[in-house]
Amino acid sequence: MTDLDRYAVFGHPVQHSLSPQIHQAFAEQTGQRLAYARLWAPLDGFEAVLRAFVAGGGRGANVTVPFKFEALRLATRRSARAELAQAANVLSFDGEEIHADNSDGVGLVRDIEANAGCALAGRRVLLIGAGGAGAGVLGPLLEAAPAELTLVNRTDERAQDLVLRHDELARGCGVRLRTASLHAPGTAFDVVINASASSLEGATASPVAETVLRPGTLAVDLMYGPKAQPFLDWAQRHGAQPRDGLGMLVEQAAEAFAAWRGVRPQTAPVLAALRALKG
Ligand code: NAP
């Protein structure tokens, strides 16, 4: 095993992560030979665990909650989209260099447009959440040129900061970007994206009222698995089209795999296999 290129996902917790399964499936599909592990790090020990992995020959890493902000800080080079998000979920190692990228946003946009078949151009989009995930997806969502994007967050100031940082991009893409209160976000959006941790924390419904939906609204929760179910049920009950975060997870992984290995895997069979496993 030691001659294989080594990759890992870092998190706290990390045992639940499906990334090893997804990357092994990509490797088999594309004929690449690699090893991919889960690496838990203590909350104050991410840098030490990461540097030990790099010293041991690690080639790349995925980074999940809560280390995406620190991952960006540790990098020696940053992609424009990671810089804008101020968070990184993909690291590549080359000698002393640590290159940081953020593939969450392109992963979400591909899942919405290619997998769910919903072109974002000209749509009215509501994005809930201004944490690591919200920050990661905002730029690529703007680049998909919706007519309008409203960002709401439990803590208003965080949403306002994020909007300020993305103001120039929004104008360049011709998108009306604004913040609103979680309690008065607006009504009848075409696409509603829950990028908050409400489902992860066990919320029994959505953090916003059902008036954000209209019949056929695409309602995406970045969460997947049983904890996403209350949000998906809420969306379905109100006539929306529910979608969990599993497709985004596979798409963001494909973007990382392509950057590391120089070959883009097909995502559809991997997503179908994961959905079949989850029954
Ligand atoms: P984070 O950095 O901890 O941010 C959490 C966000 O959720 C903050 O905006 C927070 O608001 C908000 N929030 C927390 N509890 C809430 C509640 N009960 N009601 C309303 N808002 C609440 O976490 P994150 O990295 O952004 O992750 C958010 C979610 O996305 C998680 O469920 C994660 O699993 C999922 N995710 C999925 C993928 C994927 O590939 N599918 C990728 C990344 C993340 P405040 O600012 O007020 O604290």
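Predicted model: local features only at pLDDT ≥ 70, side-chain atom pairs only at ≥ 80, totals over all residues.
Local features are taken only at pLDDT of at least 70 and side-chain atom pairs count only at pLDDT 80 or more, while totals for chains, interfaces and linings use all residues. Residues are numbered from 1 along each chain as its sequence is written, and side-chain values use heavy atoms, with hydrogens and water left out.

Colleague: Which kind of peptide bond joins His12 and Pro13, cis or trans?

Modeller: Pro13 sits in the loop between β1 (5-11) and α1 (19-30). Helices (H or I, at least four residues) and strands (E, at least two) are DSSP runs, numbered from the N terminus. Omega between His12 and Pro13 is about 10°, and the bond is cis.

Colleague: What is omega for the peptide bond from Val65 to Pro66?

Modeller: Pro66 belongs to the loop between β3 (58-63) and α3 (68-74). The bond from Val65 to Pro66 is cis, with omega near 5°.

Colleague: Is Gln86 buried, partly exposed or exposed?

Modeller: Gln86 lies in the loop between α4 (80-85) and β5 (90-94), and its phi is near 60°, a positive value in a residue other than glycine. Buried means under 20% relative accessible area, exposed over 50%, and partly exposed in between (1.4 Å probe, protein chains only). Because its relative accessibility is 34%, Gln86 counts as partly exposed.

Colleague: Where is Ala188 found?

Modeller: Phi of Ala188 is near 50°, a positive value in a residue other than glycine. Ala188 has 31% relative accessibility, so it counts as partly exposed. Its place is the loop between β9 (176-179) and β10 (191-194).
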